[in-house]
Amino acid sequence: MFSWDLLANAVIAGVLLGGFYAAVSLGVSLTFGLLDVVNMAHPAFVILGSYAAYAMNTSFGLDPILTGLVFTPVFYVLGAVVYRIYYESFERKGEESLRGLVFFFGLLFIIEVSLSLKYGVDYRLVEASYIGKSFEIGGVGIALRLLVPCIVGLAMTMVLHAFLSRTFYGRAIMAVSQDRLALRLMGANPVHIKTIAFGIGIATASLAGALLVTIAPVVPSTARDYIGRVFAITVLGGMGSIGGTLVAALVLGVAESLMATFSGPSWSLAVSFGILILALAVRPSGLFGR
Amino acid sequence: MKTGRYLLVSLGVIGLGVLLARARVNPYIYFAGYVILQYVVIATAWNILGGYAGYVNFGTAAFFALGAYTAIFLIESLKAPLPVLILGGGLVSGVLGLGIGYLTLRLKGVFFSIATFALAVVLQTLVINWDYVGGAKGMTVIRPRTGVLFGNYVTFLFTVMVVLAVGAVTIAWLIERSWIGRGLAALRDNEEAAECMGVPTLRLKVFATTVSGFLMGVAGAPFPYYVTYVEPSSAFNLDYAVNALAMPMIGGTTTWAGPVIGAVLLGTAQQVATVTISSELNLLIVGVVLVGFVVLAPEGILGLVRRIRGR
């Protein structure tokens, strides 16, 4: 029997999930969409952020999202270092496509295995005042543990959008993705700009990871589930369009939530990857392609 | 390598394998040897597409698991014997490879790799929801009785794997020596230029993906009898995808010998590390070695040897 209540709940949950997916995907939109760096390891950095939030939460009782914010400079430096290694080893020699991909795949694997060595493969969760609470509007339940990440995700999207369109460095990042030579002629160093952009991309992973661990417990291998999601969103959103990323994230969130509600949660993962394969095969430029 | 010499060496390897199987040494040797040989097949299969044609496949686990699950299906429905399982597993994975091959029409480079990764997850979800082959909780497989020739079933599987490994390497060797290998190398370096010069790029790519998928399926088909208990997370393990590309990268991707060297070195190192240290740590070793080689020695061990000789 079909229930409108169930449908409304699934759609709302999907929208909330979508706001969080946007937070996870922003970094990939920046690094892969704009910079053309195949940052497959991004979900692993997100999980690293989750474990940072978990560690701070269990030892000092810090709020996970606050921890995520505090750790962004650390992740920024980490991202900048990774990009420098990548640049020196591959991009400078023009070998980035195949070997760069393998480099990031290896990085993903190293982060995941290191985390399981340190923390084991048990599910880890955090505690905060808003986790577990929920309220109801017209028969639709809204869990705070989903609402808070969604709001933070939307805020991150807006800040990043403003940064890219208003500030000097943001515009320089947009410029480097369009024409490196022209940027060089304007007197800006493309490698320097890309390092900053990559650092920012990884810095978003710190917050996104904190949101992730707020929503649900994590294990190191959770990273794999998000590879399909973030790339599906990035491709569907049109490779580097921040607004497109948000729309695609919402679409994916709702689609997954509907699938989980009506066919069982074990199918929901296939949605993102199915959408990804479809998007790649039918419309590689995405919904809002340049 | 000359044809005669190659044939002699490969027959010698099979002979050695059979002798080792008859020698009845410590049974762990066969257990570990099977895994290493399985990786020789997988790495060689990956390299036919990744090394020769330059298309990086992250979905090795999908092809391997499809071979394993085809075997389970055949055991469950027909009680089919091992040769049928191997052929069936290979064919089904080969068909998947054929489909992937046509995907290369739309997807180049990075997008192809991401799509293959996505494929592995979609397939895993399908298998998890398919109860006939065990679903998420997995399935126990009972080994058939062994003949008199081999002491126990693992020893028998070890011998089978020796033959499969030599077969896979021979296929790679044949491809490399023929016009197909040269055509693949041409499209790896520049696909458009190759197409303009009259290289049938699509046909070659489809050929490479099909053969590569077939061999991965072949490697996966005996897997149910080897472990006797198959669950989706072990058959679709990410380790296969990482090893499949790490081994050729370490050995060297341009010749058939590269994946063999990589698989034997890395496979042996992992087996030793699993016994002496821990299985998590040996995965870390693979990741670190992979990244180290990609950054510092992108041509692999064979490239290093060539560079030293060239001086």
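How far does helix α10 of chain A reach from its first C-alpha to its last? Helix α10 (residues 222-236) of chain A has 15 residues and reaches 22 Å, close to the 21 Å expected at 1.5 Å a residue; the expected span is 1.5 Å times one less than the number of residues. Helices (H or I, at least four residues) and strands (E, at least two) are DSSP runs, numbered from the N terminus.

The model is a predicted one, in which local features need pLDDT of at least 70 and side-chain atom pairs count only at pLDDT 80 or more, while totals for chains, interfaces and linings use all residues. Residues are numbered from 1 along each chain as its sequence is written, and chains are lettered from A and ligands numbered from 1 in the order in which they are written.

Of the 15 residues of α10(A), 13 are buried, so this helix is largely enclosed by the rest of the structure. A residue is buried if 20 or more other C-beta atoms lie within 10 Å of its own, exposed if 12 or fewer, and partly exposed in between, with C-beta atoms placed from the backbone. After α10(A) comes A:Gly238, whose phi is positive, near 95°.

Elsewhere in chain A, the axes of helix α6 (residues 144-166) and helix α7 (residues 168-178) come within 5 Å and cross at roughly 80°. Axes here are lines fitted to C-alpha atoms, for helices over the stretch in contact, and angles run from 0 to 180 degrees between N-to-C directions. A:Phe163, A:Leu164, A:Ser165 and A:Arg166 of α6(A) make the contact with A:Gly170, A:Ile173 and A:Met174 of α7(A); two residues are in contact if their C-beta atoms, placed from the backbone, lie within 7 Å.

Chain B contains 15 helices and 2 strands. Its radius of gyration, 19 Å, is close to the 19 Å that the globule rule gives for 311 residues, so chain B is as compact as a globular protein of that length. The radius is taken over C-alpha atoms, and the rule is 2.2 Å times the number of residues to the power 0.38. Of the 311 residues of chain B, 52% count as buried.

Between the chains, 36 residues of chain B are in contact with 34 residues of chain A. On the chain B side, α5(B) supplies the largest share, 13 residues.
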